[in-house]
Amino acid sequence: MRCIASIIITISAFVLSLSTTHADGHMSNTLTVVSWGGAYQKSQVNAYQLPYQTLNPSVEFVWDESGAEAFAKLRAMSEVNNVTWDLVDAVPAEAIRACDEGLAIELDHDAVLAPAPDGTPATEDFGDMIVSDCFAPQIVYSTTFGYRTDRVPEGVDPPSGACDVFDLETYPGKRALEKRPIANMEWALLCSGVAYEDVYDQLETEEGRARAFAKLDTIKDQTIWWSAGADTPQLLADGEIFMGSTYNGRLFSVIEEQKQPVEIAWDWQMFDLDGWIIPAGLPEDRLARAKDFMRFATDTQRLADQAKYISYGPARKSSAPLVSTHATLGIEMAPHMPTNPENAENTFLYNYVWWADYRDELDQLFQAWLAQ
Amino acid sequence: MADQSAILTADGQPLKVGLRRALRAQKLRAMLLIAPLLIFIVLTFLAPIADMLFRSVENRIVSETLPRTVVTLERDWETLDTSPPETVYAALAFDFSEAVERRAHTRLATRLNYEATGFASLFRKSGREIDKIGEPQAEFLINVDAAWKDPATWISLLADPSWAQQAYDRAGEDVPAFRLADRVAENLPETASAYESFARTITNVDAANPAEVAPWSSVYLALSRDLAIAESLSGPEAARLEAARDALATADLPSAAEQFAEIDDDWADPELWEVIKTFSSHYTAGYYLNAVDLKLSLGGIETQPAGKRVYLLLFQRTAFMSIVITISCILLGYPIAYLLAHLPLRLSNLLLILVLLPFWTSLLVRTSSWKVLLQQEGVINDILVWIGLVADDARLTMINNQFGTIVAMTHILLPFMILPLFSVMKTIPPSITRAARSLGANSWTAFWRVYFPQSMPGIGAGCILVFILAIGYYITPELVGGRTGTFISNRIAYHISQSLNWSLAAALSTILLALVLALYNLYDRIVGIDKVKLG
């Protein structure tokens, strides 16, 4: 089998190399990119792919929308030595594990990523966003709460952040939370009075966990537990829930594009990142193309441009001043960014490395708690 | 009798033989006809499943990544409440250096992290700092004699002379696999072993030539350990070895255990070693135990703490809900099938299309439409509130719970009940019920005693189809099941695509498969599988 596979690979590599010889040297002319579909992928097509194709008209893009199962598929592909993807859009937690398992290649960030226009090297421009050796950051998004403005009881201030989700007395109504421990456990502890810097120490102890679950217990029956990012926007639009957590880009489209009576409560929004990883074991020509596109797609202008199409913040410091207005709505995008100072008074950057360790254990505890 | 057996065919052979040959040819032809399908199924269906299920017991990664550690741990470490002896840490140093070079240590960490939290970051951190292990020994030895920095010293000490010749000749080219010199493994066992893994790994992984690279610091650690107990030093480099031994005898260098503890205190934790020892065998029952809320430890099998028990509950719930769904399908499907079977053909064909219609719509659309119908602000609740049956502030919760899953799945699986029922009912002659009526049975008795028993094979087929489909379902429970209406398959899907603990997923699937087969067997004994008809 392996022999046949290697023959096939050699032949296809040969055919590919034939088709690229007349283009630019040794780079492959097709690029298979894995992303998450929906508005997010569209923003990548508009901000990265189209300008790249004007520069390189011969390059063809194939988009694969299996972002949610990317890690599992990548592992399966690598087990049979037949990786068909060139570039994968992944969250840090997955990038770290893909790196651990040798599924993604390690990057020399200053060499493969473009410096800022003023010459600042990439590692400085991205700063803390480079959370793994295999990870090239793109955007900052956050998981935060949206609420129905028309359901806020009279004479009460609207909710301001994550802790209001636990306040059933002031804000009656159903909630929506994601069906996993990440973010929920942190919020539960923060809102039961644990200091920001103690959250993860507490989560390592029995008492801390019990405390988090006790806090979640208070709203367990009033909560709809979602697993798809589209759930909370739908539940909010239908008036099923009073408030619920989801990605801030989804809330932006509920508020600004669908004009629903919904607002965002930004306090203790949970920052997360999204970026590229390059699968391990690519042939030279495909690797060269993937790196070339990645360098282009993570430069200062491209990251700023993406914010025209979706309300996710650029991961580069140098991109922030370039963020302009929405491509079709024409509204100023900066106030909708999770990184906007007014929205980012209290934020939580969750600890990927900690979760890489504790995820299996806490997930089992969380699912057991949920099922009972 | 004797006459009969002697019946001959026209060409003089016994009839029996001729017949058997003809039959064999026929069988062979039949086999050849189904062979393409059979091979296709075996290759694309059975083999991958078997491979996947095999992962539920496979556990080679520990002993393949840390071979020396596992052996030493088994041999030298008995008292479980103290950290293991120095030999184990030394073996770990050699194994870990190799694993880091092959980038296998984080892979192993992912595996062990399923059993106990903390391995992932411990291994990642130690991997980054692995050069520190043996560093004091390396510095000391190089201080004593700078020749220890020179790759050539190590080659002349350890390598087989003919291999060394090849390595020098082929500088910059492919170097053949490293070979140890004779007897060196007896005199300097750990050094030989550590250097051998160094030489082989850098030739394989980095395509480097051991004749040009100084060994890993863990090799210096090995040499200092060997010298501490070596009796006679003869052979190549004997003078150097003796000088090094004499210098080491008076030096006070940190042990491997201390150096590991320097990187991270967790390395001194006996619990960590207990996990490694428990999961050091090639095959493990650990995944199966995890799948039934137990866990493997050195002391034997323990139950999981209360907060972590979830799988048995989910198995129970899956079985219970699948039974409820099957029964609801019978109750709803039977009258429809009866109606279909007894209406005039034109009308019944039209209705049959309505039954089949859901098959032509996407599963996600059907499930989502149940959301629209059943949610609190949904159509059904709106109607109930409008006609005054339910107060506006006490709307019914009909979705994101067990009820929602049962309703949505009953709807989705209903055709699988109706179709076999319909085709069986079609074959029941209407004259039989009429005969029963003419013999004095009232319409209920005629149905219950005469018609119903004849439709049983259809119910049997429908039940098997619906139950088996239901027990493995996961999209619908995921979307409408909420907290209490999810199945075991949702956990399997989670372990396949999120946690990537494929072995646990395989164990859970095997148990589910065994459960289905056991129920099928039970069904066969009680009802009899030959009584099942699809038409």
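Helices H9(A) and H14(A) are oblique to each other, a word used for angles that are not under 35 degrees (roughly parallel), over 145 (roughly antiparallel) or 65 to 115 (roughly perpendicular). In this predicted model, H9 (residues 206-217) and H14 (residues 352-371) of chain A pack at an angle of about 40°, with their axes 12 Å apart; axes are lines fitted to C-alpha atoms over the stretch in contact, and angles run from 0 to 180 degrees between N-to-C directions. Helices (H or I, at least four residues) and strands (E, at least two) are DSSP runs numbered from the N terminus.

The crossing of H9(A) over H14(A) is right-handed, that is, the near helix is turned clockwise from the far one by less than a right angle. Arg209(A), Phe213(A), Leu216(A) and Asp217(A) of H9(A) are in contact (heavy atoms within 4.5 Å) with residues of H14(A) including Tyr358(A), Glu361(A) and Trp369(A).

The whole structure holds five cavities of 30 Å³ or more, and the largest cavity contains about 120 Å³ of space. Its lining has 15 residues, with Ile224(A), Asp231(A), Lys371(B), Asn400(B) and Leu479(B) nearest the centre. By class, the lining of the largest cavity divides into six nonpolar, five polar and four charged residues.

Residues are numbered from 1 along each chain as its sequence is written, and chains are lettered from A in the order in which they are written. Local features need pLDDT of at least 70, and side-chain atom pairs count only at pLDDT 80 or more, while totals for chains, interfaces and linings use all residues; side-chain values use heavy atoms, without hydrogens and water.

Notes
On a 1 Å grid over the protein atoms alone, a cavity is a set of points where a 1.4 Å probe fits but cannot get out, and a pocket is an open set with protein on both sides within 12 Å along at least five of seven lines; lining residues have an atom within 4 Å of a point. Grid points are joined across faces, edges and corners, and a volume is the space filled by probe spheres set on the points. Ala, Val, Leu, Ile, Met, Phe, Trp, Tyr, Cys and Pro count as nonpolar, Asp, Glu, Lys and Arg as charged, and the others, Gly among them, as polar.
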